Amino acid sequence: MAEQLEFFPIQSPCRGICQSDERGFCRGCFRSRDERFNWQNMSDTQKQDVIRLCKQRLLRKLRANRAAETEEPQQPSLF
């Protein structure tokens, strides 16, 4: 498959919320520590791969949050 030409640089997905979650991913952009620190040294293809991974991580987190919200709380029996 032919590679598409890039006319504009790929912007960093950073949102300025530079805090790591319990799994080590940024809470703002969902990049790992290595992905954040090496962003400037990555090729455009590598950057696109990181952005794809970030989107997957965001969707996974949203699904997990939605599943946690839909679970009914366990209410002890009154009888």
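Modeller: A definition to begin with: patches are made of residues with over 30% relative accessible area and no salt bridge, and nonpolar side chains are joined within 5 Å. Note also that this is a predicted model.

Colleague: Which residues form a nonpolar patch on the surface, and how much accessible area do they have together?

Modeller: Take Leu59, which lies in helix α2. Its relative accessible area is 46%, so Leu59 is partly exposed, and membership of a patch requires over 30%. The patch consists of Leu58, Leu59 and Leu62, and their accessible area together is about 250 Å².

Colleague: Which residues gather in a patch of positive charge on the surface?

Modeller: Arg60 is one of them, and it is found in helix α2, residues 44-70. Arg60 is partly exposed at a relative accessible area of 41%. The patch is made up of Arg23, Arg60, Arg63 and Arg66.

Colleague: How many disulfides does a search of the whole structure find?

Modeller: A disulfide is a covalent bond between the sulfur atoms of two cysteines. The search of the whole structure gives a count of zero. For Cys18, the nearest cysteine sulfur is that of Cys14, at 4.3 Å, and the cut-off is within 2.5 Å. So the number of disulfides is zero.

Colleague: Is Cys29 buried or exposed?

Modeller: Its sulfur is too far for a bond with the closest cysteine sulfur, in Cys26, because the separation is 3.8 Å. Cys18 counts as exposed, at 61% relative accessibility. Cys29 has a relative accessible area of 5%, and under 20% is the limit, so Cys29 is buried.

Colleague: How far apart are the C-alpha atoms of Lys55 and Cys29?

Modeller: Lys55 lies in helix α2 and is exposed, with a relative accessible area of 54%. Along the chain, Lys55 and Cys29 are 26 residues apart. Their C-alpha atoms are separated by 8.8 Å.

Colleague: Which residue forms a salt bridge with Glu35?

Modeller: The structure holds two salt bridges. In the one with Glu35, the closest N and O atoms are 2.8 Å apart. Glu35 lies in helix α1 and its partner in helix α2, so the pair ties together parts 22 residues apart in sequence. Glu35 counts as buried at 10% relative accessibility, and its partner, buried at 13%, is Arg57.

Colleague: What is the N to O distance where the side chains of Asp49 and Arg52 meet in a salt bridge?

Modeller: Both residues lie in helix α2, three residues apart, about one turn of the helix. Asp49 is partly exposed at 36%, and Arg52 is partly exposed at 42%. The N to O distance is 4.0 Å.

Methods:
Residues are numbered from 1 along each chain as its sequence is written. This is a predicted model: local features need pLDDT of at least 70, side-chain atom pairs count only at pLDDT 80 or more; totals for chains, interfaces and linings use all residues. Side-chain values use heavy atoms; hydrogens and water are left out. Patches are made of residues with over 30% relative accessible area and no salt bridge: like charges are joined within 9 Å, nonpolar side chains (Val, Leu, Ile, Met, Phe, Trp, Tyr) within 5 Å. Accessible areas come from the Shrake-Rupley method with a 1.4 Å probe; for residues, only the protein chains shown count as cover. Lys and Arg count as positive and Asp and Glu as negative; His and the chain ends are not counted. The place of a charge is taken as NZ of Lys, CZ of Arg, CG of Asp or CD of Glu. Helices (H or I, at least four residues) and strands (E, at least two) are DSSP runs, numbered from the N terminus. Buried means under 20% relative accessible area, exposed over 50%, partly exposed in between (1.4 Å probe, protein chains only).
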